[in-house]
Amino acid sequence: MLPTTSKGLGRTSSHVRPNSVLPQYLRKIIKWQQMDIEYTFWQMLHLCTSPKVVYQHTKYHKQTKNQWARDDPAFIVICTLLLVIATLAYCAAYDHSAGHAVFVVISVLLFHFILTGATLATCCWFLTNNYLREEAPSSHAVEQRVEWQVQNLSISNFIFFILLYAFDVHCNSFFPMFVLLYVIHYFLSPLLVAHGFIPVLLSNLLFMVAASYYHYLNFLGYDVLPFLERTTFFLYPIGIVIVLSPIFILIGFNPSRHFMNIYFSRVL
């Protein structure tokens with residue numbers, strides 16, 4: 001699907017294209033040989049170290065393939081596998097039954113990654129397309145929209161719907177947060193879930209950095225789009241996080257204990 005839709009003639013292609021792209025996208029998930037694994041790991045590394053480089057390549061992708069969104073499912077597939085492995089590691093350390101471990105893995109995948117990501121991406125899509133798009137200078141200009149909406153959306157197109165650019169931005173933003181709150185957090189969890197001021201302080205600092213970096217990458221993802229303005233709006237949640245973190249520390253709220261106890265009662 002093209003990243004832009006235009007009124008008139010361009011509308012016809014937006015009705016047809018999703019049905020042809022979706023099967024091709026799904027075939028790549030089944031046939032992993034068609035996925036660019038090396039490039040995906042390169043993106044993941046640079047999202048943690050030099051995220052602007054990744055979005056510079058997003059511009060190149062737009063120039064060469066005329067769409068902002070990825071046409072390769074490798075990033076989502078690998079991110080999902082890593083999330084499953086990390087969740088299983090938590091289950092091995094803190095869980096008490098295999099059945100509950102399966103529930104935890106499914107719950108984390110659905111709620112932490114897919115549903116939360118779809119919700120946030122939908123909110124960002126709505127804001128960008130309704131409030132942040134530049135006004136067209138003339139009636140002949142093509143109206144550009146962030147890739148998220150599919151014309152005449154059906155159930156069969158829903159998977160394709162969530163794989164467009166808005167969800168890509170969420171995936172890019174999610175991976176460094178995954179490294180902080182799933183990987184690094186795992187090794188520090190014996191300290192972070194303990195009682196006392198130091199665990200509360202470290203836990204809040206870790207969550208503050210992870211949440212702030214998520215919103216910073218979210219900002220970069222929309223700032224790269226030339227037809228948007230006032231994209232600094234996506235940086236505002238960072239201020240809220242920075243304000244809330246000292247409050248949580250003062251009241252003794254430990255986010256690590258809170259979220260771990262949702263799934264693992266042994267942490268209490």
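Reader: Which cysteine sulfur is closest to that of Cys79, and how far away is it?
Author: Happy to start there, with a predicted model in which local features need pLDDT of at least 70, side-chain atom pairs count only at pLDDT 80 or more, and totals for chains, interfaces and linings use all residues. Residues are numbered from 1 along each chain as its sequence is written, and side-chain values use heavy atoms, without hydrogens or water. A disulfide is a pair of cysteine sulfur atoms within 2.5 Å, so the sulfur of Cys79 is too far for a bond with its closest counterpart, which lies in Cys171 at 6.3 Å.

Reader: Is Cys79 buried or exposed?
Author: Buried means under 20% relative accessible area, exposed over 50%, and partly exposed in between (1.4 Å probe, protein chains only). Cys79 has 1% relative accessibility, so this residue counts as buried.

Reader: How are helix H8 and helix H9 oriented to each other?
Author: Helices are DSSP runs (H or I, at least four residues), numbered from the N terminus. The axes, lines fitted to C-alpha atoms over the stretch in contact, have angles from 0 to 180 degrees between N-to-C directions; those of H8 (residues 197–223) and H9 (residues 236–251) come within 9 Å and cross at roughly 175 degrees. Angles over 145 degrees count as roughly antiparallel, and H8 and H9 are therefore roughly antiparallel.

Reader: Where is Leu45, and what is its relative accessibility?
Author: Leu45 sits in helix H2 (residues 37–49). Leu45 counts as exposed, because its relative accessibility is 52%.

Technical notes: Helix = DSSP H or I, 4+ residues; strand = E, 2+ residues; numbered from the N terminus. Parallel < 35°, antiparallel > 145°, perpendicular 65-115°, else oblique.
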